[in-house]
Amino acid sequence: MAVTLPEGDLGSRLERYLEGLRSRHGLEDSAIEGNVVRILTDPDSVPAVLTTARETLGVFHLSFITVVDRVGSFELTYELMDLRGASVRVKTVVEGTEPVVPTVTNIYPTANWHEREAYDMFGVAFRGHPDLRRTYMWQDHFDHHPLLKSFEISTKRTFEGLR
Amino acid sequence: MGTVLQYLDQEPFRFLLSFGAVLFLVLNLAAVLTMAERKVSGYIQLRYGPNRVGPRGLLQPAADVFKLFTKENVSPGRSDLWVFLGAPIAMFLPAAAVWLVIPFSPDAVIANINVAILFFIAITSIGALGVVMAGYGSRSTFSLLGALRGAAQMISYEVPLILSLLGVVMLSGSLSFVDVVAAQGDTFWTWYFLPLLPMFLTFYVSGIAEVKRVPFDLPEGESEIVGGFMIEYSGMTWALIQAAEFASMGLMSAITATLFLGGWQPPLPFLDLGAFNWIWFGFKTALIMFTFQWIRWSIPRLRMDQLMDLGWKVLVPITLIYLLIVAAAMLILQEVF
Amino acid sequence: MLGEQRPTEEEASALTEPATSRLMRPDVRDEFGLETIDMNMGPQHPAMHGLLRLILELDGETVVRCDPVMGYLHRCQEKIAENRMYPAVIPMTDRLDYFANMHNEHGYVLAVEDLLDIEVPPRAEYIRVLMCELMRLASHIPSIGFLMLELGAFTPILYAFRERERIQSIFEAVTGARMMFHYIRIGGVKADLPPEIPEQIWKFVENLEKNFKGDFVDLIEGNEIFISRTRGVGQLTQEKAVEMGLTGPPLRCTGVDFDIRIDYPYSVYPELTFDIVTDTAGDVEASYRVRIGECLQSIRIIKQCLEKIPEGAVMAELGRRIRPAEGEGFGRVESPRGEFAVHVVSDGSDTPYRVHYRDPSFVNMQLLQEIVPGHYLPDIMPIMGLVDPVSGGWDK
């Protein structure tokens, strides 16, 4: 059960990843910047894109999932690495204030805790996640999602509902 | 003066006075051992131990004891109070009681019973009961785990402990400590640790396991179950448990010295000190206590299943096989000579 | 030094059956009327590498379910960083993974320099690498000490902290602080090395190399009890390790030779020669060997840095205000625990719009949920020694 890491020249690998993803999926935007293949797609096709990346192209490692709260929409970034110098950065934009995104835990099991953290901090719900709980905040009485721009830092707000 | 001493030499005064003396000895031993442990551990870890209280830190035990007297004895709310409070006593008294039969010197033994080895085995088994009382009475999951581990460990290691004693009994022909010490001559090559080397090592290892010191301190398991069966004790109750542990350690060292290293016998005849032979006894006991501490601060601890494997699958077969070898050797040598 | 024949990955996973095979099936348990105990290895615990609550379900001594609950040290660093100017976030990154402060600072600063697109002077880069490698030593050596402490040997940790104290006094001479340095700044480092420091570091490193085997390898490597407690415990396969997103020593102890310093190089690592240390067995003993090997490689890197360091400025020419254009910056470093990545989003003002820290302790902790069931309760401690999380890291 050994894992073989990709060989070959970095530039040609990046081209291969870009071509592989472009040819299989309709992407809104895709380019190569430095060592990174940057891709913008819509939220519901993220699992498909990531499946291609893992199964077909051999990009094994999901480094992190970030959420940025652009007031009015949420921008998710999935950073994939092929462990030999190349990265694939998949971005999606989810409109609205109650975002729902399909989970990628069945493709990259490490996404489990990253998605839990995104849920805890931003309220992004992941459809199909096996165990969507909060990571840091209190599980029971805390209904806020701290990293949203609408959550102000003040003690009164934080302990509301707990006292 | 002579008549007062003669009056006091009768029962029950003799017993009461000597028991008081032994209790005094055991409690002081526990206090001094806390200090010795910390100094030895300090020097092994490249630091000084406690060296502030008194000259070179020698009054540290006094400071410790004073602190423990003034601490509050916390007991958990839903603990079974009588079992909880009785456990330290059940652990301490057996360790103290066996000191009554140990010969310090040819005439200095408080109770010269002729089945002393049997007495020792019987009374130290009660220590296991104390551990279970402590863990059960605390009504906490960690202490329950510690108690179960402690009970399993102490009961399992009594088997190799007893089997290794049988070699000594066979060689000396008696169950009495005084006879065993007398039978080992006053030269170190006739002491029993040489002909009975596997038995000596088994007794030593089982002794460490009975006292629950590293590498067998899983019932106390400081890294995972933070105190195990004694997690809920504080203040004087905890001090009594610690005193019990150190008194047992001293007891195991004393008995190892008595049975295998010649007790009060000097290593060579010209080093005989007559009535002061208890110095030899003390020196050997201290040496073994030092090795207990040395081992504690050097090696990691065994996991429960590895501990039981060692006890049942390694030590018991070794002692049984060696017992047969000793018996055969005695028979052959009797025929030949 | 560690020359014995190590098992290949196939041999290693063939030697030990998977831990979950030791679990009793739930229907068998019901048939016998046995129940499991629910227990907390609570946040207050001397050996939990910080404040971690493990909700355990135990069947006797065997762990059936292990659920880490975090958040006891959560300090809202990402939220606070949105209200602080770019240079003021650096002291906060110090406090993330407090055993690898230099790496955290370096990661954040790389992200901001990616946004600003500036050149850092070579002397500053060499100083950064030197400090990071010293920090790696100061982190791996206590890791080994903690592993032994939790196994019950109380002495190696004191030897380890003696070495760490020496490194901390070097840090104090260079940066002014023993632990929370605030030294690596945007565009360089805060101040140049004092003139007597390279000599001191040389002496320290040579002394460490001479005593390393005696202090940290001899008493541990061949110790029967250590081997029986750590061989086969926490057995990982390469596939599972990559699936779980492990990086750093937990990944390299299975045989995957991924190291960010070589595969995604940053700073002056391309100019230095060193090896990636891997082991094939994938258990706790393998992670111990990987950490020992990495200590020796760090010593090698430090010596090269001290020889090759050029003269020059230690700070780039930046204005007083750091106000990057709108955009995103990514920085990635190899911290002693794995891959530490920072994602900074800027909206053109003085303060970042969003800062995200990808901490290796957070991700590597998923290992506990997956691997621990089936092991005995005392095995949790060596497995935490494999992962070596630091509570500032997983809790941010």
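This is a predicted model: local features need pLDDT of at least 70, side-chain atom pairs count only at pLDDT 80 or more; totals for chains, interfaces and linings use all residues.
I started with burial in chain B: 44% of its 337 residues count as buried.

**Chain B, make-up**

I went through the secondary structure next and found 12 helices and 0 strands in chain B. Reading from the N terminus, the order of elements is α-α-α-α-α-α-α-α-α-α-α-α. I then looked up the radius of gyration of chain B, which is 21 Å; the globule rule gives 20 Å for 337 residues, so chain B is as compact as a globular protein of that length. For the extents, I have the C-alpha trace of chain B spanning about 70 × 60 × 45 Å along its principal axes.

**Where chain C meets chain B**

How many residues does each chain bring to the contact? I get 25 from chain C and 22 from chain B.

I then asked which elements of chain C supply at least two residues each to the side that touches chain B. My list has strand S1 (37-41), helix H6 (122-151), helix H7 (156-175), helix H9 (224-230) and helix H16 (380-387). H9(C) gives the most to that side, with 4 residues.

Methods. Residues are numbered from 1 along each chain as its sequence is written. Chains are lettered from A and ligands numbered from 1 in the order in which they are written. Two residues are in contact if their C-beta atoms, placed from the backbone, lie within 7 Å. The radius of gyration is taken over C-alpha atoms; the globule rule is 2.2 Å times the number of residues to the power 0.38. A residue is buried if 20 or more other C-beta atoms lie within 10 Å of its own, exposed if 12 or fewer, and partly exposed in between; C-beta atoms are placed from the backbone.
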